[in-house]
Every structure is written in structure tokens, then in C-alpha cells.
Amino acid sequence: DLESHLQRCQQLSVTVLTDHQDLNNTELKTILNSKAPQQYRIRAKLRTYKPQKLYQSVKLHCSKCNSLQEVPDADDFDLILQGSAVTAPNPELHSASWYDSVTWTTQDQKQRKIAIHFVKHDEMLQQPEDTLLMIEGGTLKEVWKLTKRFKCVIPVRSTEDNLELLDLSAPFLLQRNIKYYGCKQCSTPKPIRSLSSIAAEQRPSWEPTDIAQVLGIELLRYVFIMKFTLIDGSGALNAYLFDY
């Protein structure tokens with residue numbers, strides 16, 4: 001993996017960056033005193049790299065406000081789900097023209113009330129692998145079980161007259177094992193009924209970008225970021241890696 005590869009690089013006396021084979025090697029001192037942008041080929045040693053643990057390199061990036069944030073912990077999501085489960089699903093919001101609802105009460109001590117709303121297409125339910133559903137009152141374990149069978153899962157809660165998204169600290173959408181987040185600063189969440197416009201399409205694809213758009217969510221992208229410090233005796237140069 002990359003982490004062990006970087007550790008091996010640190011142990012070598014010299015690391016050679018092999019891009020730009022047609023160029024002669026340039027000292028870091030010369031590069032630091034030159035104006036960008038230009039292309040160089042260098043011969044340097046890797047002094048340090050950050051972060052030290054590979055998983056810490058993955059961040060969430062908003063292309064609109066250019067902010068970077070840490071990927072929330074699964075425990076944070078679980079706490080938000082637990083908090084939303086305190087309020088029982090509103091029966092008046094069960095089953096509408098564009099979704100069918102199923103409800104039940106858990107057999108445990110808490111006797112939680114859970115509601116699952118299956119979005120319909122042409123007044124019919126789609127195949128599970130093509131279905132988007134919304135869940136109220138579910139635990140993290142229950143949400144993950146649903147993602148294994150259905151295409152998209154959106155955790156929601158009910159108000160007096162609407163279904164709405166949870167706090168944007170939680171993922172607004174889960175697809176297989178991927179959690180999709182929205183930017184708190186740039187998003188203006190819309191009522192869940194906005195999803196009915198996608199359900200009415202000829203072939204609803206339930207793509208995360210389309211779902212985010214109709215729900216007024218500015219989608220955060222997962223990015224990979226690292227910082228390398230390179231030295232060659234003439235100077236030290238910081239190199240940054242930033243990519244989707």
C-alpha cells in the first residue's frame with residue numbers, strides 16, 4: 001500500500017521522481033527562486049510526509065466554497081440516528097402518491113417505531129436494486145442492512161407536514177457502502193417531496209448528483225490529500241497531492 005511504500009522511500013538515501021525524462025535535474029534552490037508555472041525534473045530525498053496514517057489523507061471537499069473537512073466518524077452518525085428516533089414517525093405522512101410506507105414497532109425494551117418509505121415509479125415499486133427508500137427511526141445497523149439490498153437509502157425524520165433530511169452532519173444518502181455528505185454552508189435543504197420529480201422521470205437512475213441537486217444539497221466529494229517535504233542539500237520543497 002502507499003503507506004508502506006512511502007516508508008520504504010524514506011529509508012532510501014535518494015528518491016528519484018521519474019517524470020519529465022527529457023529534462024535535466026534541477027536543484028530545489030533554483031526551483032524555489034523561479035516563477036511558476038514551469039516543469040522540472042528533480043533528484044531529491046523524501047524527508048517527511050503528512051499525514052502519517054493513510055486513512056487520515058481522505059477528506060471531504062466542497063467545490064463551491066472550497067472548504068475541506070474531516071470525514072465524520074460512524075459513531076457520530078449513530079448518535080444522530082438515535083436522536084431522530086426519539087420522535088415517532090408521523091402517521092399522516094405514511095404512503096403518498098409517490099411512495100408506499102411500511103411501519104412496525106421493535107420488540108426490544110425501547111419499542112422503537114420504524115417507518116420505511118419506498119419511492120414508486122409509475123405507481124409501481126421498482127426492483128430492490130433500483131429502489132430508493134427513506135427510513136425513519138432506524139439504527140446504524142438497520143440502515144446498513146438496507147443498503148445491502150436496495151440501491152439508495154435516505155435517513156429522514158417527520159415534522160407536522162413534511163419528511164425532512166437529518167442534520168447535515170449525517171450523510172444525506174447512502175449507496176452500498178458509500179456515505180454521501182452535503183456542505184452545511186452551501187446547502188439549502190428542500191422538502192423530501194422534491195424527490196418526486198426524479199421518480200416521475202421515464203427511467204429514474206437515482207444518481208447521487210441528481211438526488212443532491214433536487215434536495216438543494218451541495219455535494220461534498222471525497223478527496224485524497226498528502227504533503228511531502230523533499231530535500232536535496234540545496235533547499236527543501238513542499239509538494240502537495242490533491243485529487244478525487
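How many disulfides does the count come to?

Author: The count comes to zero disulfides, a disulfide being a pair of cysteine sulfur atoms within 2.5 Å. This is a predicted model, where local features need pLDDT of at least 70, side-chain atom pairs count only at pLDDT 80 or more, and totals for chains, interfaces and linings use all residues. Residues are numbered from 1 along each chain as its sequence is written, and side-chain values use heavy atoms, with hydrogens and water left out.

Take C65. Its closest cysteine sulfur belongs to C62 and lies 3.7 Å off, so the gap is too far for a bond. C186 is in no disulfide either; the nearest cysteine sulfur to C186, that of C65, is 3.7 Å away. C65 has 27% relative accessibility, so C65 counts as partly exposed (between buried, under 20% relative accessible area, and exposed, over 50%, with a 1.4 Å probe and protein chains only). C186 has 17%, so C186 counts as buried.

The structure holds one cavity of 30 Å³ or more (points on a 1 Å grid over the protein atoms alone where a 1.4 Å probe fits but cannot get out). The volume of the largest cavity is about 40 Å³, taken as the space filled by probe spheres set on grid points joined across faces, edges and corners. P155, L165, L166, D167, L168, A170, P171 and F172 line the largest cavity, each with an atom within 4 Å of a point. Seven of these lining residues are nonpolar, none is polar and one is charged. Here Ala, Val, Leu, Ile, Met, Phe, Trp, Tyr, Cys and Pro count as nonpolar, Asp, Glu, Lys and Arg as charged, and the others, Gly among them, as polar.

Note on methods. On a 1 Å grid over the protein atoms alone, a cavity is a set of points where a 1.4 Å probe fits but cannot get out, and a pocket is an open set with protein on both sides within 12 Å along at least five of seven lines; lining residues have an atom within 4 Å of a point.
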